[in-house]
Amino acid sequence: VEDNSMIMMILSYAVMIGGMYLLMTMVTRRMGGDGMMGGFGKSKAKVYMEKQTGVTFKDVAGQDEAKESLQEIIDFLHNPHKYTDIGAKLPKGALLVGSPGTGKTLLAKAVAGEADVPFFSISGSEFEEMFVGVGASRVRDLFKQAANVAPCIVFIDEIDAVGHSRDNRFGSADQTLNQLLGEMDGVDSSKGIVILAATNRPETLDKALLRAGRFDRRIIVDKPNLQGRLDTLKVHTRRIKLAEDVDLNKVAQATAGAVGADLANLVNEAALRAVRQGRQAVNQEDLMVSFEVVIAGTEKKNTILTEKEKKLVAYHEVGHALISALEKKTDPVSKITIVPHTSGALGYTMYLPEEEKFLSTKDELLADLKSTLGGRAAEQVVFGVQTTGASNDLQKATALARYMVSVYGMSEEMGLMATAVVQNQYLDNHAQMDCSQDTAAKVDLTVQKLLDECYTQAKQILTDNRALLDEISNYLLEKESITGEELMAFVNKANPTEEATEN
């Protein structure tokens with residue numbers, strides 16, 4: 001019996017060893033026969049050789065400052081001796097920072113296209129794999145390939161995926177970052193290897209990446225201004241057949257805050273709408289309706305509201321618009337609709353800024369608060385109810401009031417003390433409190449007081465203009481959508497004053 005047990009144990013070990021050998025053989029073959037790092041350790045970068053990116057600075061609009069900053073890199077790649085002869089060294093890396101959709105990747109491709117050099121493009125997340133050490137191996141392989149074809153550009157998109165700040169623990173991601181830091185130190189900039197990277201979360205990056213000798217230049221790729229939006233629309237409509245009534249200036253004016261990706265989507269939606277309606281060219285209505293599709297979604301034709309709900313929505317939206325029209329310091333209304341959309345909105349009020357603004361006064365922000373709370377105020381004044389339709393308005397109003405109190409220093413209670421910090425100006429994050437619990441509680445009370453005061457004033461404005469509120473709401477119920485001009489016709493008729501006419 002003991003002999004049989006010994007034989008069975010030996011056979012078990014033999015099967016186990018054989019299975020492990022077979023598994024290792026299969027893994028090695030799958031990885032390309034170069035050992036554990038053979039296939040997975042190869043860089044996944046997309047390589048564009050000369051003139052293959054297909055993008056130049058002509059394809060990038062609305063980012064003149066960023067293009068100017070990158071022009072020096074292109075000149076260095078064209079004329080390296082002009083810099084080396086005087087002893088100058090070009091920065092090894094440039095970090096493109098900006099909101100999502102502003103064109104950071106497009107700019108990087110345009111630099112390569114302008115410089116007429118190979119372009120290596122990889123996302124930060126593509127460095128990592130399930131096996132420890134693969135990320136570091138891919139970093140080595142990427143820089144090895146770049147050195148073989150220099151001068152060239154290496155572009156790492158979403159670098160925060162691999163370059164985030166290290167903590168006390170050491171993991172595979174830290175190993176990859178360490179390898180990246182080492183490779184950047186080893187790059188000889190005189191050979192023409194330029195490293196570009198993009199992120200919308202610069203505050204998460206490890207400080208070692210941002211020191212001199214690595215990513216020592218930060219290039220802001222911001223949301224385009226009015227002229228930038230106009231130039232971007234011209235780029236995206238180059239291959240689009242436009243009708244004679246198209247006015248891109250008005251479209252650019254209406255799309256304040258939009259980024260390049262939004263404008264590209266807007267133009268494409270307009271072209272699709274023209275095709276659906278059997279026309280050969282895109283007209284102005286296509287562009288404006290498509291803008292509404294981008295911000296609010298398409299109309300939900302199968303959503304049927306009850307008469308009571310429809311009336312509530314109409315008064316809610318007119319409450320917003322009427323306060324905006326009566327207040328002198330708000331943007332004029334462009335359109336009011338009570339047609340449900342796929343964004344979840346049962347109706348909305350759209351504004352059309354008259355000019356590009358970069359600063360807002362306290363009075364202007366207070367007027368915005370009253371207008372934002374005007375929907376809930378109208379519900380209370382007319383029906384004596386509170387509905388769930390004001391949820392988004394309350395979130396916006398609370399966020400604005402909190403900024404006024406804790407970031408902008410616009411309250412008597414808190415004075416000039418900043419009690420919160422904006423973590424990332426490129427993402428729509430709320431400010432994070434940076435104060436004691438007692439102070440934070442005081443901030444909350446101040447925010448609540450500010451909201452209550454603006455809500456009370458909003459109700460008073462609508463109560464004083466109740467007849468006008470009823471008249472416009474009934475007209476909206478009949479038409480379902482009205483323009484800003486139609487709204488102001490009612491307001492100017494009821495209040496033929498200089499203030500109303502000016503707004």
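## Second largest pocket

In this predicted model, the second largest pocket has a volume of about 640 Å³. Its lining comprises 23 residues, and those nearest the centre are M288, S334, L352, T483 and E485. Two or more lining residues come from each of the helices α10 (248-254), α12 (284-296) and α19 (484-494), and likewise from the strands β7 (333-337) and β11 (481-483).

The greatest share of the lining belongs to α12, which supplies five residues. Sorted by class, the residues around the second largest pocket are 10 nonpolar, seven polar and six charged.

## Packing of α2 against α4

Helix α2 (residues 64-78) packs with helix α4 (residues 104-115) at an angle of about 35 degrees, and the two axes are 9 Å apart. The crossing of these helices, α2 and α4, is right-handed.

On the α2 side, the contact is formed by A66, K67, L70, I73, I74, L77 and H78.

## Aromatic pairs

Five aromatic pairs are found in a search of the whole structure. One of them joins Y315 and F383 in an edge-to-face arrangement, with 5.4 Å from centre to centre and 90 degrees between the planes. Because Y315 belongs to helix α13 (residues 307-326) and F383 to helix α15 (residues 374-383), the pair ties together parts that are 68 residues apart in sequence.

## Surroundings of T372

T372 is placed in helix α14 (residues 362-372). With residues up to four places away in sequence left out of the count, T372 touches H320, D393, K396 and A397.

A separation of 10.0 Å is found between the C-alpha atoms of T372 and E317, two residues that are 55 residues apart along the chain.

The peptide bond that joins A150 and P151 is cis, with omega at about 5 degrees. P151 is located in the loop between α5 (134-149) and β4 (152-157).

A further backbone feature concerns E158, a residue other than glycine whose phi is positive, near 50 degrees. E158 is situated in the loop between β4 and α6 (160-163).

Definitions and conventions: Residues numbered from 1 in each chain as written. Predicted model: local features only at pLDDT ≥ 70, side-chain atom pairs only at ≥ 80, totals over all residues. Heavy atoms only, no water. 1 Å grid on protein atoms, 1.4 Å probe; cavity = no way out; pocket = protein on both sides within 12 Å on 5 of 7 lines; lining within 4 Å. Points joined across faces, edges and corners; volume = space filled by probe spheres on them. Helix = DSSP H or I, 4+ residues; strand = E, 2+ residues; numbered from the N terminus. Nonpolar A, V, L, I, M, F, W, Y, C, P; charged D, E, K, R; others polar. Axes fitted to C-alpha atoms, helices over the stretch in contact; angles between N-to-C directions. Left-handed = near helix turned anticlockwise from the far one by under 90°. Contact = heavy atoms within 4.5 Å. Phe/Tyr/Trp six-rings, centres within 6.5 Å; stacked < 30°, edge-to-face > 60°.
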